[in-house]
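Let's take a walk through this protein together, one piece at a time. Have the sequence and the 3D view handy as you read.

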Amino acid sequence: MALVVAALASLIPSFGAGVHSLSAGIIISSMQTLLRNAMIVDATAPEPRPGNVLVEDGMIRDVDAKRPSGECETIDVAGRTVMPGLIDCHVHVVASLMDIAANAQLPAATAVLRSVPILKGMLERGFTTVRDLGGAPYALAEAIAQGLAVGPRLFVCGKALSKTGGHSDARPRNDTHDANRWAGNFGALGRIADGVDEVRRACREMLREGASFIKVMANGGVASPTDPVHWFGYSVEELKAAVEEARDAHTYVAAHLYTAEGIVRAVECGVKTLEHCNRVDAGAARLAAEAGCVAVPTLVTYEALAEDGPGLGLPAASVEKIESVRKAGLESLAILRDAGVTMAFGTDLLGPTHVRQSEEFRIRAQVLGAREILASATLVGAELVGMEGRLGVVAEGAIADLLVVEGSPLEDIAVLAEPRKNLRMVMKEGVVQYRAGV
Ligand SMILES: [Zn+2]
């Protein structure tokens, strides 16, 4: 296989919506790679279609290639599915511990090194792009793009913002020290910003530091100790300030929320992506659909918190909260679907439960159709990271993030729930990252 080292001045040209591009990456790729005898699957078509996918310099050049022109490595995929790399729109790649207060206090070197296998694991499960909803700095996205770490393409918000006593306030009740004393640490998922002025400043700092979007905590949460999930996270004025700052930077706000009234407030303030949404109702869902919001359910994390949490150091105060959102999860998918809310794929796992990431496919399949779920994890995700048409599709001109899969996800999306059994190859930007049995 002929290898070329291409130093690209601009690996990903800049795109709209204020989402940052990554530059100056170095990639090593074969001049051309041909995936022969493919059944091409993506969510733009209802059926698989036969084809031969030609990849060159990290891009898909042709999906019906006859004979490559230059030097070429040919991989016969023998009728297996070739599909776009998956996009998980709600992860925390720096969350290597389930106890988020302990995670925030990890020494920097420890926290960075503990995130390395999390990133690699995601890529080897077929997630070639992820949107980090709190914790990861832009520098980590750059490091991956430069080949310093193996992992998915990363889009970050910096630290997730919350009020004092909100979901980013990980202090136990009797801790009266400064809530932001760990917030600058690599392992901190969030930071505190109270009042319109602090919210504006925090948004501006995140955007300056490379955030692609802003994350706010608009309800209480499970993994934080002193905020019941039904509490509002931010006032109307604070939410509107965050939305204005994001819009001024041509991007959007993602809000952590659970309750119908939390969703209504966020939608009315102009929030774009609604994370979790477990306790949505029909009225809130209708409002979200009309406003063009995207919901990002993350159901697997409540299964993981309930089954694995107590044994993995999840504090007792958090364990008590799980059932208030877990049971409503499947119902929320039906409510969102019936109202016509677009959904993205998310997981929100912490610590050792990251290995359960692909289970989200099986959970969603209990309620939603295969193509709809596939679209969530490809087309919708691409839109949320500002890469519509360039990620999430197998099409000429798209970035060559490709999976070879045993079975047909359009018939049975649950094949994606078992990557070790069904995933034969992961290619990111034209470079094979994982290969087994093809
Ligand atoms: Zn989260």
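The buried residues of helix α5 pack against α4 (195–208), β13 (214–217), β14 (253–259) and α6 (260–269). A quick word on those names: helices (H or I, at least four residues) and strands (E, at least two) are DSSP runs, numbered from the N terminus. Residues themselves are numbered from 1 along each chain as its sequence is written. And keep in mind that this is a predicted model, in which local features need pLDDT of at least 70, side-chain atom pairs count only at pLDDT 80 or more, and totals for chains, interfaces and linings use all residues.

So which residues of α5 are the buried ones? They are E238, L239, A241, A242, V243, E245 and A246. Buried here has a cut-off: 20 or more other C-beta atoms lie within 10 Å of the residue's own, while 12 or fewer makes a residue exposed and anything in between partly exposed, with C-beta atoms placed from the backbone. Helix α5 itself covers residues 236–248, 13 residues in all, and spans 18 Å from its first C-alpha to its last. That is close to the 18 Å expected at 1.5 Å a residue, where the expected span is 1.5 Å times one less than the number of residues. After α5 comes H250, with a positive phi near 60°.

From here, hop over to β14, one of the neighbours α5 packs against. β14 runs parallel to β15, and five bridges join the two; strands count as paired if DSSP finds at least two bridges between them. Within this pair, A255 stands opposite L274 in β15. Strand β15 (residues 273–279) is mostly covered, with seven of its seven residues buried. Take H276, which sits in β15: H276 counts as buried because it has 31 C-beta neighbours inside 10 Å. Its phi is near 80°, a positive value in a residue other than glycine. C277 counts as buried because 32 C-beta neighbours lie inside 10 Å.

Now for another sheet. This one is open, with three strands in the order β8-β9-β10 and parallel pairing. Its edge strands are β8 (86–91) and β10 (153–155), each pairing on one side only. β9 and β10 share three bridges, in the parallel sense, and V130 stands opposite L154 in β10.

Why is T128 called buried? Because 27 other C-beta atoms lie within 10 Å. Leaving aside neighbours within four places in sequence, T128 is in contact (C-beta atoms, placed from the backbone, within 7 Å) with G85, L86, L123, P152, R153, D401, V426 and K428.

Finally, step back to the whole protein. An automatic or database domain assignment gives domain 1 (3–84 + 390–435) and domain 2 (86–357). Their centres, taken over C-alpha atoms, are 29 Å apart. As for confidence, mean pLDDT (the predictor's confidence in each residue, from 0 to 100) is 92, and 93% of residues reach 70 or more. Over residues 1–30, though, the pLDDT is below 50.

Key
Contact = placed C-beta atoms within 7 Å.
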